[in-house]
Amino acid sequence: MNTTKTDRIDVLRIRDDFPILKREIAPGIPLVYLDSTATSQKPLAVIRAMNEYYERNNANIHRGVHTLAEEATAQYEAAREKIARFIGARKSREVIFVRNTTEAINLVAFSWGRKFLQRGDRILLTEMEHHSNLVPWQMLAQEKELFLDFIPVTNEGLLDLSEIEQFLEQKPKIVAITHMSNVLGTINPIRQITRLAHAAGALVLVDGAQSVPHLPVNVQDLDVDFLAFSAHKMLGPTGIGALYGKEELLEAMPPFLGGGDMIKKVYLRSFSPNDLPHKFEAGTPAIAEAIGFGAAVDYLSRVGMERVAAHEYELIGYALEALSEIEGVKVYGPSAEQKGGVASFTMRGVHPHDVSQILDSEGIAVRAGHHCAMPLHEKFGLPATTRASFYLYNTREEVDQLVRGLAKVKKIFG
Ligand code: PLP
């Protein structure tokens with residue numbers, strides 16, 4: 001790609017890098033992929049990096065002295081360094097490879113939480129969390145008899161921060177919060193929240209599953225204690241994600257899973273844990289996937305995250321305006337200024353599953369359901385919504401196709 005950071009994204013050129021975007025869903029019906037919030041598509045650079053690893057370098061890492069083992073280890077660790085740089089971590093040992101965002105949050109809940117939380121302690125969450133930033137805390141709360149509090153969401157889909165000081169006066173030990181809602185698209189003011197939370201003595205875990213793929217995210221600027229994200233939502237493969245944690249916190253935490261690689265010494269009745277980051281990476285990891293993750297981060301860095309965010313800002317503004325003109329369609333969440341490229345909506349009198357089925361017949365891939373955020377849907381009195389989401393490879397023409405598809409839905413349902 002031959003672009004500079006100041007110009008706009010050349011979407012057509014970018015689309016050329018994604019073989020799947022040339023697919024037809026039926027003869028003459030090209031794919032319009034508007035489901036990147038669930039998982040993104042993958043560029044050739046990622047697919048090739050993984051293929052090349054299997055074709056040339058495949059070996060288990062950290063244990064061998066033969067050439068392939070050394071190459072595989074070097075590539076795996078190089079990927080960790082790229083990811084650390086991408087999020088502005090001080091050191092690559094602050095980046096732990098995990099399977100996904102879900103596993104990253106479980107790691108913190110069950111390693112940090114089991115060691116440092118006591119009966120009666122409080123955890124502060126929000127009403128807009130994905131199930132993966134709710135259920136692990138619920139499980140821990142049940143196990144250790146903790147209290148969960150929730151920052152409410154306003155009707156506009158923003159966090160109601162007017163009450164945050166009251167919640168913080170109750171001295172929660174951790175605030176676990178999404179950076180960007182996967183339903184409303186809301187971008188939360190993480191820097192403001194970390195400042196307040198730290199002043200009250202709480203740590204902050206940020207669910208970056210939607211922010212790291214779509215916005216410039218720097219863990220030092222935001223001063224987050226933990227950040228969880230998944231490769232598959234940011235052009236990388238499934239099966240790999242990352243947990244960033246401040247070094248001193250990770251050092252103080254016990255291992256999460258036990259087995260090979262996470263140890264220094266093992267005796268029949270005891271073991272000594274390995275150094276960071278290996279202490280948290282038990283067993284053979286997803287090596288090809290880590291290398292693919294590194295290639296994805298290279299790709300996004302070449303495009304520039306400011307430009308990715310600017311492109312999506314323009315698309316969501318265009319989409320919100322177009323959707324607001326369709327009678328009976330209601331989009332949830334704040335205006336384009338406060339959100340990322342996610343439009344969850346309902347259409348009066350039509351079930352979201354029917355909407356997405358008819359759109360699929362036009363080649364348009366959107367998602368229908370509660371998007372793993374049942375409490376948030378309940379708050380808005382909705383069993384489900386239809387969600388269209390955008391990424392760097394989407395175009396205004398695709399938004400127009402969505403609008404035409406919705407006109408067809410209306411026609412069918414009268
Ligand atoms: N958090 C948010 C905000 C998400 O959107 C998602 C996935 O949709 C997750 C967490 C969970 O990600 P994963 O399934 O990759 O663990």
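The charged end of R396 sits over the ring of Y318, 4.2 Å from the ring centre; a charge counts as over a ring when NZ of Lys or CZ of Arg is within 6 Å of the ring centre and within 35 degrees of the ring normal. The model is a predicted one, in which local features need pLDDT of at least 70 and side-chain atom pairs count only at pLDDT 80 or more, while totals for chains, interfaces and linings use all residues. Residues are numbered from 1 along each chain as its sequence is written, and side-chain values use heavy atoms, with hydrogens and water left out.

Turning to ring pairs, rings of Phe, Tyr and Trp (its six-membered ring) pair if their centres lie within 6.5 Å, with planes under 30 degrees apart counted as stacked, over 60 as edge-to-face and the rest as tilted. F18 and Y393 are 375 residues apart in the chain, and both are buried (under 20% relative accessible area, 1.4 Å probe, protein chains only). Together with Y299 and Y391, F18 and Y393 form one aromatic cluster.

Polar contacts (pairs of N or O atoms within 3.5 Å) reach ligand oxygen atoms from the side chain of K233 at 2.6 Å, from the side chain of Q210 at 2.7 Å and from the backbone of T101 at 3.4 Å.

Note on methods. Helices (H or I, at least four residues) and strands (E, at least two) are DSSP runs, numbered from the N terminus. Buried means under 20% relative accessible area, exposed over 50%, partly exposed in between (1.4 Å probe, protein chains only). A polar contact is a pair of N or O atoms within 3.5 Å; within protein, one must be able to donate a hydrogen and the other to accept it, and residues adjacent in sequence count only if both atoms are side-chain atoms.
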